[in-house]
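Please examine the sequence and the three-dimensional model shown below. The paragraphs that follow lead through some of its contacts step by step.

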Amino acid sequence: MHRQPLLVVLRAYDLLELLPSLERLQELGVQHVELAWSSHPRWVDQAIELRQRFAHLRLGAASVVDLAGLKAAAAAGLGYAVSPVLDRGLIEAAIALRLQFVPGVMSPSEVHLARLWGCSIVKLFPAAALGRSYWQRLAAPLAGADGLPFCIAAGGLGPADVEPWLAAGVDAVALGGSLVNPADWEALARLVERLRT
């Protein structure tokens, strides 16, 4: 993620509906894609199929808020799981499953607890509501000897937000529901090209 500080989150109850979007993202050169966890009875099988078909993408699970979602991500062989919440039980379960887990944080206390519980990466959520300068404001009071954890800003951000947020101090940006029309995809294509340089 240091080389391309960008993630794209895709949502569909039936993961196979995401095939066209995944093909397009792979063509654009996007590297990190999160598949939103759902209760679809074939979610694990479909995630495995997508992982095999898109071997060049680093696929993870998004919106994991319970043990079922965490176990499904591990069973599908996904590389990581991302949550909108901070839950110590999920962190401990992910460690047991040997799965990279990224909890959601918003308050200074949540950032502090995530770090105490061994999380080297956190998701700042909902980022748009907090503003670009929020993460940097936490640096002085919270950094300590080891600094702040690696931060992925997520929630309400679009392609045009990525570079300003990176410049403001976050380490990566996740795009969710912002890719809804051709102009958004064109903006993403230009962004990926700029991130290559």
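Which residues in helix 2 meet which residues in helix 3? Trp-43, Val-44 and Ile-48 in helix 2 meet Ala-72, Ala-73 and Ala-75 in helix 3, where contact means heavy atoms within 4.5 Å. By class, this contact of helix 2 with helix 3 has six nonpolar, no polar and no charged residues; Ala, Val, Leu, Ile, Met, Phe, Trp, Tyr, Cys and Pro count as nonpolar, Asp, Glu, Lys and Arg as charged, and the others, Gly among them, as polar.

The model is predicted, local features need pLDDT of at least 70, side-chain atom pairs count only at pLDDT 80 or more, and totals for chains, interfaces and linings use all residues. Residues are numbered from 1 along each chain as its sequence is written, and side-chain values use heavy atoms, with hydrogens and water left out.

Two packed helices are described by the angle between their axes and the distance between the axes. Helix 2 (residues 43-53) and helix 3 (residues 67-75) pack at an angle of about 35°, with their axes 9 Å apart. Axes are lines fitted to C-alpha atoms, for helices over the stretch in contact, and angles run from 0 to 180 degrees between N-to-C directions. Helices (H or I, at least four residues) and strands (E, at least two) are DSSP runs, numbered from the N terminus.

Trp-43 also takes part in an aromatic pair with Trp-37. The arrangement of these two residues is edge-to-face, with 5.2 Å centre to centre and 80° between the planes. Rings of Phe, Tyr and Trp (its six-membered ring) pair if their centres lie within 6.5 Å; planes under 30 degrees apart count as stacked, over 60 as edge-to-face and the rest as tilted. Trp-43 has 0% relative accessibility and counts as buried, whereas Trp-37, at 21%, is partly exposed. Buried means under 20% relative accessible area, exposed over 50%, and partly exposed in between (1.4 Å probe, protein chains only).

His-40 lies in the loop between strand 2 (32-36) and helix 2. At 13% relative accessibility, His-40 counts as buried. Apart from neighbours within four places in sequence, His-40 is in contact with Tyr-13, Asp-14 and Gln-46.

A further helix pair may now be considered. Helix 5 (residues 108-116) and helix 7 (residues 134-142) pack at about 65°, with their axes 11 Å apart. Pro-108, Val-111, His-112 and Arg-115 of helix 5 make the contact with Tyr-134, Trp-135, Leu-138 and Leu-142 of helix 7. These residues divide into six nonpolar, one polar and one charged.
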